[in-house]
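Look at the sequence and the model together. The paragraphs below go from the overall outline to single residues.

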Amino acid sequence: MDENKSPYLAANVRRFTKLKTPPRKNEEFEESNLKHAINGRLFANLDGLAMRRCERVRWYVVALGSEKDPHTPRWHGNTGLMDGKRVDVVDLLPASSRIVDMRPDAGGIWMFHCHIHDHMDAGMSVLYTVEGGEVGDCP
Ligand SMILES: [Cu+2]
């Protein structure tokens, strides 16, 4: 999401900063207004990514955006299988997708985020829950 294009930009700058107008051609300011989301949510503000321990789960990860923003979704705590390979991170070019099959063997609340630092700083991080607190091999 590019908040530089928001009709509320000038009003927000006046309300939340000491400036009277948005800075012009300021790369750092413009970068600070680029937000990277997962399912439209930022900073662990996404509900519903929940599963049971040892359940078979299929993740469909899809990237949108421009050529400037490849993504590298990464799962903490558990791994998946993609094209026969064990993975905890995959690469996504814009307008591409991946399918990752997971059978989570580690219960708990885990981070799922883009591994590109700028994106994570801009909100591209959520939590997923594996119900059942145990850790170990699935039967
Ligand atoms: Cu990313």
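What follows is a walk through the parts of this model.

This is a predicted model, in which local features need pLDDT of at least 70 and side-chain atom pairs count only at pLDDT 80 or more, while totals for chains, interfaces and linings use all residues. Residues are numbered from 1 along each chain as its sequence is written.

The secondary structure of the protein comes to three helices and eight strands. Helices (H or I, at least four residues) and strands (E, at least two) are DSSP runs, numbered from the N terminus. Along the sequence they follow the pattern α-α-β-β-β-β-β-β-β-α-β. The protein has a radius of gyration of 18 Å, well over the 14 Å that the globule rule gives for 139 residues, so it is more spread out than a compact globule. Here the radius of gyration is taken over C-alpha atoms, and the globule rule is 2.2 Å times the number of residues to the power 0.38. The C-alpha trace spans about 60 × 30 × 20 Å along its principal axes.

The domain assignment gives domain 1 (1–34) and domain 2 (38–135); such bounds come from an automatic or database domain assignment. The C-alpha centres of domain 1 and domain 2 lie 30 Å apart.

Now turn to the sheets. Two strands pair if DSSP finds at least two bridges between them.

How do S1 and strand S8 (residues 125–135) run, parallel or antiparallel? They run parallel, joined by three bridges, and Arg52 stands opposite Glu131 in S8. S7 and S8 run antiparallel and are joined by seven bridges, with Phe112 opposite Val126 in S8. S3 and strand S7 (residues 106–114) are antiparallel too, with three bridges, and Trp75 stands opposite Phe112 in S7.

Another open sheet of four strands has the order S2-S6-S4-S5, with antiparallel pairing. Its edge strands, S2 (57–62) and S5 (85–87), each pair on one side only. The twist there averages 35° from one strand to the next. Six bridges link S2 with strand S6 (residues 97–102), and Trp59 stands opposite Val100 in S6.

In soluble globular proteins, nonpolar side chains tend to be buried together. The largest nonpolar core here has eight residues: Ile38, Trp75, Phe112, Cys114, Ala122, Met124, Val126 and Tyr128. A nonpolar core is a set of buried Ala, Val, Leu, Ile, Met, Phe, Trp, Tyr and Cys residues joined through C-beta atoms within 7 Å. S7 and S8 each supply at least two residues of this core.

Ala37 sits in the loop between helix H2 (27–32) and S1. Ala37 is partly exposed, with 19 other C-beta atoms within 10 Å; a residue is buried with 20 or more, exposed with 12 or fewer, and partly exposed in between, C-beta atoms being placed from the backbone. Ala37 and Met1 are 36 residues apart in sequence and 7.7 Å apart in space, C-alpha to C-alpha.

Note on methods
Axes are lines fitted to C-alpha atoms, for helices over the stretch in contact, and angles run from 0 to 180 degrees between N-to-C directions.
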